[in-house]
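This report describes the fold and selected local features of one protein chain. The sequence and the model are shown first.

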Amino acid sequence: MSNRVVCREASHAGSWYTASGPQLNAQLEGWLSQVQSTKRPARAIIAPHAGYTYCGSCAAHAYKQVDPSITRRIFILGPSHHVPLSRCALSSVDIYRTPLYDLRIDQKIYGELWKTGMFERMSLQTDEDEHSIEMHLPYTAKAMESHKDEFTIIPVLVGALSESKEQEFGKLFSKYLADPSNLFVVSSDFCHWESVLWNGFTNELPSFSQRGMSIIEQLDPVSFSNYLKKYHNTICGRHPIGVLLNAITELQKNGMNMSFSFLNYAQSSQCRNWQDSSVSYAAGALTVH
């Protein structure tokens, strides 16, 4: 057995966000300084995964709710954009690099998840091609910098899951969500305007996305599925969100009291006519009462 440490490079640094550590640190600090933290720390957050020039300030609203003093493991659930995947996949590396500092994958938790037989392995190529997890790594590193040697990450690439699979994975992750030393980061952009037009919805983009956001705040996976079927809203992280909602439902059955609130909404650009394209971003936090 080789003890060689395998690293995933920060493959989108220099394009989707700056590769300069000091510059990146200053940007993240700037966005976080503009935001208030709520009274309770987040147990889970939903935040976007686009280039930071588009969504960096929006994502800060979610990451400001992270309490580094209690967080020891961070599960990052991102949708698969490049490979067809009907289940979820785990990384094959040990370290995720960022321009700030390296993040360690929790091999103990990975071992527990792998033993379930529910996961695939993603190749290094798939891992480095995908941006949905990577875009959360610098923010994770920044939010946790005061305790940077005291936490691990659990990246999970989420495939195009059926509703029953979302339930299964929700059940599996619910025991981890119940632990206050764990944080779940769910990676998702919201409405993609061009495809909304394609589906015949010409109503205003914010109200369209905000309808979906208010359904997520109800914490009901069935209502969320029904909304997606009815309106075909192109929420690219719908499966990671579905897994989170099912995990919450599982814990609510056991009497756990939680609430989710969206804290910010933004758009990459304003749409004024049929030729315009725009993506919506939203940031929110789940708290336990």
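## Overall composition

The model is predicted. The secondary structure of the protein chain comprises ten helices and eleven strands. The chain has 289 residues, of which 55% count as buried.

When contacts between residues at least 6 apart in sequence are considered, 82% of them join residues at least 24 apart.

## Cysteines

A search of the whole structure returns zero disulfides.

## Packing of α1 against α2

Two packed helices are described by the angle between their axes and the distance between the axes. For helix α1 (residues 21-33) and helix α2, the axes come within 8 Å and cross at roughly 55°. The two helices are therefore oblique to each other, and their crossing is right-handed.

On the α1 side, the contact is made by Leu-24, Leu-28, Trp-31 and Leu-32. On the α2 side, Tyr-52, Gly-56, Ser-57, Ala-60 and Tyr-63 take part. By class, the residues of the contact between α1 and α2 divide into seven nonpolar, two polar and no charged.

## Packing around α6

Helix α6 (residues 163-177) meets helix α10 (residues 238-253), their axes coming within 7 Å and crossing at roughly 60°. That angle makes α6 oblique to α10. The crossing of α6 with α10 is right-handed. In α6, the residues in contact are Glu-166, Gln-167, Phe-169, Gly-170, Lys-171, Phe-173, Ser-174 and Leu-177. Their counterparts in α10 are Arg-238, His-239, Gly-242, Val-243, Leu-244, Asn-246, Ala-247, Ile-248, Glu-250 and Leu-251. The contact of α6 with α10 contains eight nonpolar, six polar and four charged residues.

Helix α6 also packs with helix α3 (residues 107-115), at an angle of about 150° and with the axes 12 Å apart. Helices α3 and α6 are therefore roughly antiparallel to each other, and α3 passes α6 in a right-handed crossing. Ile-109, Glu-112 and Leu-113 of α3 make this contact with Leu-172, Phe-173, Lys-175 and Tyr-176 of α6. By class, the contact of α3 with α6 has five nonpolar, no polar and two charged residues.

Ala-50 lies in the loop between β2 (44-47) and α2 (52-63). With a relative accessibility of 8%, Ala-50 counts as buried. Apart from neighbours within four places in sequence, Ala-50 is in contact with Trp-16, Cys-55, Met-135, Asp-189 and Tyr-281. Ala-50 and Met-135 are 85 residues apart along the chain, and their C-alpha atoms are separated by 7.1 Å.

His-131 is located in the loop between α4 (124-129) and α5 (137-143). The residue is buried, with a relative accessible area of 10%. If residues up to four places away in sequence are set aside, His-131 touches His-12, Trp-16, His-49, His-81 and His-82.

## Thr-152 in strand β8

Thr-152 belongs to strand β8 (residues 152-158). This residue is buried, at a relative accessible area of 10%. Not counting residues up to four places away in sequence, Thr-152 touches Arg-72, Arg-73, Ile-74, Arg-104, Ile-105 and Asp-106.

## Backbone of Leu-219

Most residues other than glycine have a negative phi. Leu-219, however, has a phi near 60°, a positive value in a residue other than glycine. Leu-219 is found in the loop between α8 (205-217) and α9 (221-231). The relative accessible area of Leu-219 is 6%, which means that the residue is buried, as the cut-off is under 20%.

How values were computed: Residues are numbered from 1 along each chain as its sequence is written. This is a predicted model: local features need pLDDT of at least 70, side-chain atom pairs count only at pLDDT 80 or more; totals for chains, interfaces and linings use all residues. Side-chain values use heavy atoms; hydrogens and water are left out. A disulfide is a pair of cysteine sulfur atoms within 2.5 Å. Axes are lines fitted to C-alpha atoms, for helices over the stretch in contact, and angles run from 0 to 180 degrees between N-to-C directions. Helices (H or I, at least four residues) and strands (E, at least two) are DSSP runs, numbered from the N terminus. Angles under 35 degrees count as roughly parallel, over 145 as roughly antiparallel, 65 to 115 as roughly perpendicular and the rest as oblique. A crossing is left-handed if the near helix is turned anticlockwise from the far one by less than a right angle, and right-handed if clockwise. Contact means heavy atoms within 4.5 Å. Ala, Val, Leu, Ile, Met, Phe, Trp, Tyr, Cys and Pro count as nonpolar, Asp, Glu, Lys and Arg as charged, and the others, Gly among them, as polar. Buried means under 20% relative accessible area, exposed over 50%, partly exposed in between (1.4 Å probe, protein chains only).
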